[in-house]
Amino acid sequence: MATLLWMACGSCNGESMAILGTGAISPDNPTLPDFLERNNVRLLGHPSFSAEPSHGLANTIERVLAGEQELTLLCVEGSIINGPHGTGLFDTYEGKPKRDVIRGLCARADFVFAMGTCAAFGGIPAAPPNPTESTGLQFCNDRPGGLLSPEWRSRAGFPVINLAGCPVDSATMLNTLTRALHGVPLELDGFNRPSTVTPCLSDNTQRKCGTAEKVGYACYGCISPKFPVSKPLFRPTISHRFDSPATLPGPHSTNRQVPLRIA
Ligand code: SF4
C-alpha cells in the first residue's frame, strides 16, 4: 500500500488549506481525503488532518528514517529555514532542526513534492532581507541548490517535483500526486515544475495567466522561481530621503528646509 507524509516548514499553511478543501468543495476541486480513498493511499501524517497524537507521528517519522516504514509520497509545504546563523533552530521538530529531519525523509521517499513556491524556491520568506535564512528544497529563488544539491534524486529517480504557486491549487497537487503514483510521465521543465503546473485561471485554450481578465487585478507571478522578488513590494530599496539630519523648526527658527512628510 502506498503511503503519504505531509510536513509543514516555514509555511502559512495555504497549501494545507487548499488540499483539505477549505475553499469550495466540488467534483472539480478534490481534497486530500478523496485522493487517499480513491487511490488506496495510507496517510502517515498531516499537521492539520491526522487524528494521531503528536508522539505517534514522531514514532512514524523515526520508523521512516530508520527504513522500517516505506514512504511513497513525501509532501513538503513551506520554506526550509536555516536561521539563526545557519543553525536551523528557528524551526525545530522534536528539538532538532526541522530541515535535518526533512533531509532524512527525502532520502527515504520514492517521490518528493515541494507543495507551493516557498517549498520549491523559498518564496516570500526567502525575499530580502530573508531574516529566517530560508531556501527552497532544491532551489533558492532561481538558483539551483537549496536544502538538497542540484544532483539529488529521490528513490524513484526524480529531483524534487516543484508544484509552484502561492498557494498551488488542490487540483494541481492531487493530479500530480495521482500521476506519480500511476507512473504517468510528469515532463519537468528547467525549474523541475511538472506540466500540471500552470498559471492560475489559465484554461485549455489559453495557458497564460487569466487573472487580470477574469478577476480584474494583475497576476503577481507566483509560479515563478523569482516570485516575490520580481515584484516591487519585495524589492529592497534604499531611501536617501532622510539622509541629512532633519530638525524641526522651532517657533523662531529660520530653518525652512525640513522634508518632514508622511508618504
Ligand atoms: S507558497 Fe504561498 S501559500 Fe504556500 S506556504 Fe508559501 S506563502 Fe503560504
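This is a predicted model: local features need pLDDT of at least 70, side-chain atom pairs count only at pLDDT 80 or more; totals for chains, interfaces and linings use all residues.
Residues are numbered from 1 along each chain as its sequence is written.

**View 1. The protein has 7 helices and 11 strands.** Helices (H or I, at least four residues) and strands (E, at least two) are DSSP runs, numbered from the N terminus. Of the 263 residues, 37% count as buried, a residue being buried if 20 or more other C-beta atoms lie within 10 Å of its own, exposed if 12 or fewer, and partly exposed in between, with C-beta atoms placed from the backbone. Among contacts between residues at least 6 apart in sequence, 63% join residues at least 24 apart, where a contact requires C-beta atoms, placed from the backbone, within 7 Å.

**View 2. An open sheet of 5 strands runs in the order β2-β1-β3-β7-β11, with parallel pairing.** Two strands pair if DSSP finds at least two bridges between them. The edge strands, β2 (41-45) and β11, each pair on one side only, and the twist averages 25 degrees from one strand to the next, with axes fitted as lines to C-alpha atoms (for helices over the stretch in contact) and angles running from 0 to 180 degrees between N-to-C directions. Strand β7 (residues 109-115) is joined to β3 (residues 71-77) by 6 bridges, among them the one between Leu 71 and Ala 109. Towards β11 (residues 161-163), β7 forms 3 bridges, including those that pair Ala 114 with Asn 162 and Met 115 with Leu 163.

**View 3. The ligand is surrounded by 13 residues, of which Gly 14, Gly 116, Cys 118, Cys 166 and Pro 167 are the closest.** The shell divides into 5 nonpolar, 6 polar and 2 charged residues; Ala, Val, Leu, Ile, Met, Phe, Trp, Tyr, Cys and Pro count as nonpolar, Asp, Glu, Lys and Arg as charged, and the others, Gly among them, as polar.

**View 4. Glu 15 lies in helix α1 (residues 14-19).** Glu 15 counts as buried because it has 30 C-beta neighbours inside 10 Å. Its C-alpha atom is separated by 6.9 Å from that of Glu 77, 62 residues apart along the chain. Leaving aside residues up to four places away in sequence, Glu 15 touches Glu 77, Met 115, Gly 116, Pro 167, Val 168 and Met 173.

**View 5. The largest nonpolar core holds 53 residues, and Leu 74, Val 76, Val 112, Phe 113, Leu 137 and Leu 163 touch the most other members.** Strand β7 gives the most to this core, with 6 residues; such a core is a set of buried Ala, Val, Leu, Ile, Met, Phe, Trp, Tyr and Cys residues joined through C-beta atoms within 7 Å. Of the 7 residues of β7, 6 are buried. Beyond four places in sequence, the contacts of Val 76 include Ile 102, Val 112, Ala 114 and Leu 137.

**View 6. Val 197 is placed in the loop between α6 (170-181) and α7 (211-214).** Val 197 counts as buried because it has 23 C-beta neighbours inside 10 Å. Among its contacts are Leu 163, Thr 172 and Ile 223, and the C-alpha atoms of Val 197 and Ile 223 are 7.9 Å apart.

Notes: Two residues are in contact if their C-beta atoms, placed from the backbone, lie within 7 Å. A residue is near a molecule or strand if its C-beta atom, placed from the backbone, lies within 6 Å of it.
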